[in-house]
Amino acid sequence: MSHVGHDEGKRPVLTAHPLQRVGAYALAFLGGAHTPEHLVPSAFDDAVGVLTDDAVRAALVRDTKHDQGFWLKASMSFFPNSKMNHPSNAKKDKEEIRTTVRSWRTCPEPGAWPEAACVLCGRAAVGFYGKKDVPLAESDVYRNTTPRGHQGLALCWPCLCCFYALPYGCRLTGGPSIALHSWDERFMARTVSRRVERSRQFIALGTADPRGGSDRETIALRALRDHDDRLTAGVELLVFSNNNRGQTLEIQSMDQPLAEWLRLSARLPARRRGFRALLRAHARPDRPGIVGLARNAFRSTELIAGACARYLTRHLDRGVIRSDSADLAELCFSLVIEVMRMNLNEIDEIRAAGGQVAAWLTAENSAGKLREFNATLKEPKRMRHWLMRRNLDALLDSRISTEGPLITEEQFRLLFDPEVEQAWFHRQLLVVSVVQRLHEQGFRPADRAEIAAELAAEEQDQPEDLVFASDEKES
Ligand SMILES: [Zn+2]
């Protein structure tokens, strides 16, 4: 094998493998560098030394159920049956364990290197490696080519060490691990470095992160919030386990426009107030809004817009416009424009229609009329009929100073034409803009108290139910 430059053989390079990339950044940070290309050879050796020392310390605990057995337990999900957590360690003495773990984590002598190139970076491979060194080496998703007769992948020493460093760049749970990946290198440097700092503490202590229950998707949302620069790529959430009981890999992706919108929503002052309302819109009695938002963010952008619309209309049947309505409505429109890339002219038309409806409702000054409008939301036919009726009323009523019809032909087309694919979504946006305008106009209908009393009466428990409930208590 030709001689590889001394430096070249000790520098992790970024490849196309997401987990290798997470590991490369983790290794760089362990060596005090911000990026893999800034890791100098001596620092590379130091970083690998940290990995080895931690592995030895964990192996000496021997028992995963021990107080300090967390890293040993977590290692089973990365390097099952390796020298670090091999069942035979229970019978070995300390010195034997130290020696075997250290030799496992030592670069093979050049004489023993195969005539093969690293499958990830093309440099000289130092051996063939399988599942116990490389998480998911045999996974269906990241299937790698294995030469006939060999038990694994040809890897160079730095790429192999990236996999040894991978756990430091992951959220360790003891079970499946969570890694955040992006092709945005600045985001990777920032996010992985923060993660390494935390993981090192738990690996050193041998104890689990006390925030163990934290939801996997919120990890991505937090990382986005913490990032200072504009994102140039989307983010992927990888949840994986290399455990002997079964390899698993789940990948969730968020596209760049949504990732960037979420980042800005938490940072731009004008959007921060709306963001609080966005969380309220996603909250459930048994689940914080941040979890609902994070899940929707990985599933579909439309789910976020839908949650906003539901929240804004939740109290319309009471004739009440919530105080955070305008902020949330504005945030919702920014989502529709920046992430869903809806046609701006169409959005302007819908907002104009919403403004007209709001002006009409304000002129009527009636919570009852707002309830009426709200009741049409679920049935396009009724809404269409209601709007046409108002159109006629407006034309006939001299009190209302709207110029032209309430809703134009083009607006009707956008809202109800079966040929318009997004008509149902346009109707949601119409309601969002109606609520936004009503809030801006300080809508406080004269009959609000009356409607509220009416609703309270409707919500009163039935006498039979009350009796039944008290019987229940006695039994
Ligand atoms: Zn390599």
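The side chains of Asp54 and Arg57 meet in a salt bridge at 3.0 Å from N to O, where a salt bridge is a side-chain nitrogen of Lys or Arg within 4 Å of a carboxyl oxygen of Asp or Glu. The model is a predicted one, in which local features need pLDDT of at least 70 and side-chain atom pairs count only at pLDDT 80 or more, while totals for chains, interfaces and linings use all residues. Residues are numbered from 1 along each chain as its sequence is written, and side-chain values use heavy atoms, with hydrogens and water left out.

Both Asp54 and Arg57 belong to helix H2 (residues 41–61), where they sit 3 residues apart, about one turn of the helix. Helices (H or I, at least four residues) and strands (E, at least two) are DSSP runs, numbered from the N terminus. Asp54 is buried, with a relative accessible area of 8%, whereas Arg57 is partly exposed at 40%. In these terms, buried means under 20% relative accessible area, exposed over 50%, and partly exposed in between (1.4 Å probe, protein chains only).

The whole structure holds 23 salt bridges. One of them joins the side chains of Glu338 and Arg271, at 2.5 Å from N to O. Glu338 lies in helix H12 (residues 325–338) and Arg271 in helix H9 (residues 269–282), so this pair ties together parts that are 67 residues apart in sequence. A network of salt bridges links Arg190, Asp228 and Arg267.

Turning to the sheet, 3 strands form an open arrangement in the order S3-S4-S5, with antiparallel pairing. Strand S3 (177–182) and strand S5 (248–254) stand at the edges with a single partner strand each, so one side of each is left without a neighbour in the sheet. Neighbouring strands of this sheet are turned by 20 degrees against each other on average, direction ignored. Two strands pair if DSSP finds at least two bridges between them, and 7 bridges join strand S4 (residues 235–241) to S5. Among the residues involved, Phe240 has Leu249 in S5 as its bridge partner. Helix H1 (residues 18–30) packs on the sheet and touches S3 and S4, its direction making about 90 degrees with that of S3. Helix H6 (residues 185–205) also touches S3 and S4 as it packs on the sheet, at about 155 degrees to the direction of S3. Contact means heavy atoms within 4.5 Å; axes are lines fitted to C-alpha atoms, for helices over the stretch in contact, and angles run from 0 to 180 degrees between N-to-C directions.

Asn81 is partly exposed at 37% relative accessible area, and Asn365 counts as partly exposed at 33%.
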